[in-house]
Amino acid sequence: MDNEKIKTMLLDIQESSIDFSVIQTGKESKRVNGFYKPDTHEIFLHNVNFKSENQLIYTAIHEYTHHLINEEKLEESGGLKPSYNRVHTNEFWAKFHGLLEIAEQKGYYVIGLENSPELAELTEEIRNNYLEKN
């Protein structure tokens with residue numbers, strides 16, 4: 001999947017009023033699968049890390065969630081650069097999980113809980129402790 005297809009998919013999951021770039025680095029990283037640069041609105045994906053397109057999409061949606069949260073914070077502050085104490089907040093996880101569900105409904109992503117008891121447990125924890133409370 002090329003960068004433009006990833007961007008088109010992300011925009012189909014949820015529109016963004018701030019333009020952004022998707023960049024596959026062609027590299028492997030032992031620390032992270034991707035990252036988001038809020039100053040330049042760039043999503044970087046270490047695509048050599050992924051064994052499947054599903055893993056690439058998961059990480060792309062994760063980083064896009066950072067972009068959308070950044071967009072919301074910029075709107076709230078009138079365009080002033082937001083400061084972040086933590087980036088993986090309850091708000092982030094709730095939004096991310098919601099975007100994954102939309103991606104699954106649209107056929108972009110397969111959650112596949114039946115193949116991963118750990119993921120099923122984590123998903124249940126997120127649903128109960130974060131989504132229901134928010």
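Modeller: This is a predicted model. Its largest nonpolar core has 24 residues, and those with the most contacts inside it are I6, L10, I43, L45 and I61.

Biologist: What makes this set of residues a nonpolar core?

Modeller: The term requires buried residues of nonpolar kinds, joined through side-chain atoms within 4.5 Å. The set of 24 residues is the largest one of that kind here, and I6 and L10 are among the members with the most contacts inside it.

Biologist: How do you know that the protein chain is as compact as a globular protein of its length?

Modeller: Let me give the elements before the comparison. The protein chain has four helices and three strands, which run α-β-β-β-α-α-α from the N terminus on. The radius of gyration is 15 Å, close to the 14 Å that the globule rule gives for 134 residues, so the chain is as compact as a globular protein of that length. Along the principal axes, the C-alpha atoms fill a box of roughly 45 × 40 × 30 Å.

Biologist: What do burial, contacts and surface come to for the protein chain as a whole?

Modeller: Buried residues make up 38% of the 134 residues. Among contacts between residues at least 6 apart in sequence, 48% join residues at least 24 apart. The chain exposes about 8200 Å², of which carbon and sulfur atoms supply 48%. As to charge, the mean positions of the 14 positive and 23 negative charges are 6 Å apart.

Biologist: Why is H67 called buried?

Modeller: The relative accessible area of H67 is 0%. Buried means under 20%, and therefore H67 is buried. H67 lies in helix 2 and, leaving aside neighbours within four places in sequence, is in contact with S16, I18, D19, F20, Y36 and H41.

Biologist: What makes the phi of H41 worth a remark?

Modeller: Phi of H41 is near 55°, a positive value in a residue other than glycine. Most residues other than glycine have a negative phi.

Biologist: Is D39 buried or exposed, and how do you know?

Modeller: The relative accessible area of D39 is 57%. Exposed means over 50%, so D39 is exposed. D39 lies in the loop between strand 2 and strand 3. D39 and L56 are 17 residues apart in sequence and 23 Å apart in space, C-alpha to C-alpha.

Biologist: Why does H66 count as buried?

Modeller: H66, which lies in helix 2, has a relative accessible area of 13%. This value is set against a limit of under 20%, and so H66 is buried. Not counting residues up to four places away in sequence, H66 touches Y36, V87, H88 and F92. From H66 to K27 there are 39 residues in sequence and 21 Å in space, C-alpha to C-alpha.

Biologist: What makes I111 buried, and where is I111 found?

Modeller: I111 is found in the loop between helix 3 and helix 4 (117-131). Its relative accessibility is 17%, and buried means under 20%, so I111 counts as buried. I111 and E4 are 107 residues apart in sequence and 23 Å apart in space, C-alpha to C-alpha.

Conventions:
Residues are numbered from 1 along each chain as its sequence is written. This is a predicted model: local features need pLDDT of at least 70, side-chain atom pairs count only at pLDDT 80 or more; totals for chains, interfaces and linings use all residues. Side-chain values use heavy atoms; hydrogens and water are left out. Helices (H or I, at least four residues) and strands (E, at least two) are DSSP runs, numbered from the N terminus. The radius of gyration is taken over C-alpha atoms; the globule rule is 2.2 Å times the number of residues to the power 0.38. Buried means under 20% relative accessible area, exposed over 50%, partly exposed in between (1.4 Å probe, protein chains only). Contact means heavy atoms within 4.5 Å. Accessible areas come from the Shrake-Rupley method with a 1.4 Å probe; for residues, only the protein chains shown count as cover. Lys and Arg count as positive and Asp and Glu as negative; His and the chain ends are not counted. The place of a charge is taken as NZ of Lys, CZ of Arg, CG of Asp or CD of Glu.
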